[in-house]
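The structure comes first and the notes follow.

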Protein chains: 2
Amino acid sequence: MSLPSCVILNYTPKQELFNRIHKFQKLLIKNCINGALIVQKADLFYFSGTCQNAHLFIPDEGEPLLMVKKSFERAQAESSINNIIPVQSLEEIPKNIFSQFKRLDKIGIEMDVLPANIYIKYKSAFQPSELVDVSMLIREIRSIKSTYELDKLKKAANLNFAMFSKVSSILKEGIREIDLAAQLEAVYRVGGHQGAIRMRAFNQEVYYGHILSGWNSAYPSFFGGPTGGTGVSPAYPQSAGFKTINKNEPIKVDYVGVCDGYMVDQARIFCIGNLPEKLIKAHEIAIKIKNHIIKETRPGMNGKDLYNMAYNIAVDSGNKDYFMGYTEDKINFIAHGIGVELDELPLITQSTDVTLKPGMVFAVEPSFIFPNEGAVGVEDTMVLTATGFEQITYFDDPITYS
Amino acid sequence: MSLPSCVILNYTPKQELFNRIHKFQKLLIKNCINGALIVQKADLFYFSGTCQNAHLFIPDEGEPLLMVKKSFERAQAESSINNIIPVQSLEEIPKNIFSQFKRLDKIGIEMDVLPANIYIKYKSAFQPSELVDVSMLIREIRSIKSTYELDKLKKAANLNFAMFSKVSSILKEGIREIDLAAQLEAVYRVGGHQGAIRMRAFNQEVYYGHILSGWNSAYPSFFGGPTGGTGVSPAYPQSAGFKTINKNEPIKVDYVGVCDGYMVDQARIFCIGNLPEKLIKAHEIAIKIKNHIIKETRPGMNGKDLYNMAYNIAVDSGNKDYFMGYTEDKINFIAHGIGVELDELPLITQSTDVTLKPGMVFAVEPSFIFPNEGAVGVEDTMVLTATGFEQITYFDDPITYS
């Protein structure tokens, strides 16, 4: 069945898709790879515009082929790839590729996300072609955002502003973290938030982000970010739990807004009453770090320079031991790429050897975490332009007191 | 930092964990596998009680070893495994295993979920041991639920009852699907729902389930279930969208409740006004199928008998073409296992050759889907006991009219 004409969904424009595909084809040629098979949802959406059950084959030159298992009709509506065909089984994928494309010595696949069993099946089905990993090539292309993508990120930032604007009116002493989360998530959903946050790394996951208060904002977890939190059970051990929110403790809202698949990551500190002087000072240092990063970062710099800029301010402030966590649960980065996945490239650590380029989008998140007392800090999503960082997310920076 | 004493989280009891481990060890011995490395979150939670960043090695006999990267302190609190050690890097995993366990010719890993790149690293790091897939052994054990697990499922069913009880009071003509979703999700969250729904299959995902009305409940998607829906964008193309809910059309709420990681899957039809006679009749057939399945299913039967029971009633009713979807977007099952993942074993299709056993838990979901008109049907989570099916989820069956 086709969609009623009243329904307006935002499809990725054809020119946008083909720009991405051409960039990828150049990289394939440079790396002597004859084509790549794309299947993981975020990559598939990026290159084809659809998230249906489908395989996209991108040859090193010419038109790609989209093979759809379910829903074929819907993939046709969503994707502006010219060559779309239905398939019933996995066996048809290599058959179709070999019949439409020649000279396939090396085929790229997404080895960082493809399960081992599927990889082994492909290896046998694509013989005599050699399968090579193109996940880093894909992630490299995706790290530079287009004007179209920046527009989506700005819309996601507007949704985040709407959400943050509600926090103060919901907060009251004795409310539980999970109750605050429930109401803010409802604001997101009414604003068209898809709910799910996509992450690429194996075994990483997050539900919107972290809403945490006091000691719970300093309670560590498996999660790759600076905070953890109890969560509601050991089965999902992060973010908001049943802790009641008290006066005079930091309340960290670190949530991810989404528009048409594009994500922004943003955090602010709220408080009912007043914070201890130590936390206020650390929070000011975090803001100073953010502002310094915005002022000093330029394309051409190395990622580790960005990290060191932040780290040096943390050291000078005397709060080094609490910067991005404490003891063995400290994390090693100050910023991460973000787009259709929360954990995009580049990750900015002390050893990141990557040249910063215009179009890269980062969530920059300086924070200090004090055991038993809580987390302070700020996070914003920003784009590197030819002249420096430009903030995409927005909301008043200082601690918001209720 | 340790948790304040006021915080009560439900940890999996030691006896429960060790019963599971012993069952698995028996299967390892039976299959001549000397031990297994467990890392995927759902499996790790099932066998160790923790979802921290950790690797669990289960030898074919004796005590397992839990190696934790982050958070070590928290894994110690959450897991009652006796032997827990901290590790800093992936390289330490084989080193620790080889030093603590001998005679490791064959090591089992989760090849259905482990990414290809990690698999290749393991293959080299565990030489000369042979790596074999134990994912089906794990899933087989997990398909039989203990009394402890059934208790968690019953609590999740209570949460679902609370959610379904709210639907009628929220529904009004002109409300959008996404608005209804926002309010019901808030009910869940306040009740302690973790939010995220775990699925095992590669590229499968769902956000709580599907809230759909009229034509949108018949709009197909990639998703492995009978319904799809537009979603809010092609980036997340399923479930509630911006469609307004009208009078005299079916409103399907098919949502997944969770308690301590354990999920129940349940669906009911609501309506403002009246439904067309055709849909009412099809809905009655779906209820008839469910009741027949409950009445007739016994341990020892084959999965395909269960499927055929349902299919034959659908055929007799004259609605075969709309049973579990239509045309090429039909799905091939009538029920699926459920527990700490939404897509557990067994899946009940026409070709499922599996003997039904006491303790198996299924979401049974007979439905009929008519293009442009919508979906009707019912879904409940139930456990097979020695004498037959017992329903876990509950809520009045007939269409609920507002």
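In this predicted model, chain A and chain B share 35 residue pairs in polar contact, counting pairs with both residues at pLDDT 80 or more. On the side of chain A that touches chain B, helices α2 (41–48), α3 (72–78), α5 (116–125) and α8 (177–190) each supply at least two residues. Of the elements on that side, α8(A) gives the most, with eight residues.

**Interface of chain A and chain B**

- By class, the side of chain A that touches chain B is made up of 42 nonpolar, 23 polar and 14 charged residues.
- The contact involves 79 residues of chain A and 79 residues of chain B.
- About 7000 Å² is buried between chain A and chain B, and 60% of this lies on carbon and sulfur atoms.
- Met1(A), Arg189(A) and Pro234(A) are the residues of chain A that lose the most area to chain B, and together they account for 12% of what that side buries.
- Four salt bridges are found across the interface of chain A and chain B.
- Glu185(A) and Arg189(B) form a salt bridge through their side chains, at 2.8 Å from N to O.

**Salt bridges in the whole structure**

- Over all chains, the structure holds 44 salt bridges.
- Asp43(A) and Arg200(A) form a salt bridge, with 2.9 Å from N to O.

**Aromatic pairs**

- The count of aromatic pairs over all chains is 45.

**Domains annotated in UniProt for chain A**

- An unreviewed UniProt entry gives "domain: Creatinase N-terminal" for residues 20–144 of chain A.
- In the model, residues 20–144 of chain A are 42% helix and 23% strand, and the end C-alpha atoms of this span lie 10 Å apart.
- The annotation "domain: Peptidase M24", also from UniProt (unreviewed entry), is placed at residues 152–386 of chain A.
- Residues 152–386 of chain A are 29% helix and 22% strand in the model, with 20 Å between the end C-alpha atoms.

**Backbone details**

- Most peptide bonds are trans, and most residues other than glycine have a negative phi.
- The peptide bond from Leu345(A) to Pro346(A) is cis, with omega near -10°.
- Pro346(A) lies in strand β11 (residues 344–349) of chain A.
- Lys70(B) and Ser71(B) are joined by a cis peptide bond with omega of about -5°.
- Ser71(B) is placed in the loop between β3 (65–70) and α3 (72–78) of chain B.
- Arg103(A) is not a glycine, yet has a positive phi of about 55°.
- The loop that holds Arg103(A) runs between α4 (92–100) and β5 (106–109) of chain A.
- In chain B, Arg103(B) has a positive phi of about 55° although this residue is not a glycine.
- Arg103(B) is located in the loop between α4 (92–100) and β5 (106–109) of chain B.

Conventions:
Residues are numbered from 1 along each chain as its sequence is written. Chains are lettered from A and ligands numbered from 1 in the order in which they are written. This is a predicted model: local features need pLDDT of at least 70, side-chain atom pairs count only at pLDDT 80 or more; totals for chains, interfaces and linings use all residues. Side-chain values use heavy atoms; hydrogens and water are left out. Contact means heavy atoms within 4.5 Å. Buried area is the accessible area (1.4 Å probe) that two parts lose on being put together, summed over both. A polar contact is a pair of N or O atoms within 3.5 Å; within protein, one must be able to donate a hydrogen and the other to accept it, and residues adjacent in sequence count only if both atoms are side-chain atoms. Helices (H or I, at least four residues) and strands (E, at least two) are DSSP runs, numbered from the N terminus. Ala, Val, Leu, Ile, Met, Phe, Trp, Tyr, Cys and Pro count as nonpolar, Asp, Glu, Lys and Arg as charged, and the others, Gly among them, as polar. UniProt positions are given in the numbering used here, feature names are shortened, and annotations may be inferred rather than shown by experiment. Rings of Phe, Tyr and Trp (its six-membered ring) pair if their centres lie within 6.5 Å; planes under 30 degrees apart count as stacked, over 60 as edge-to-face and the rest as tilted.
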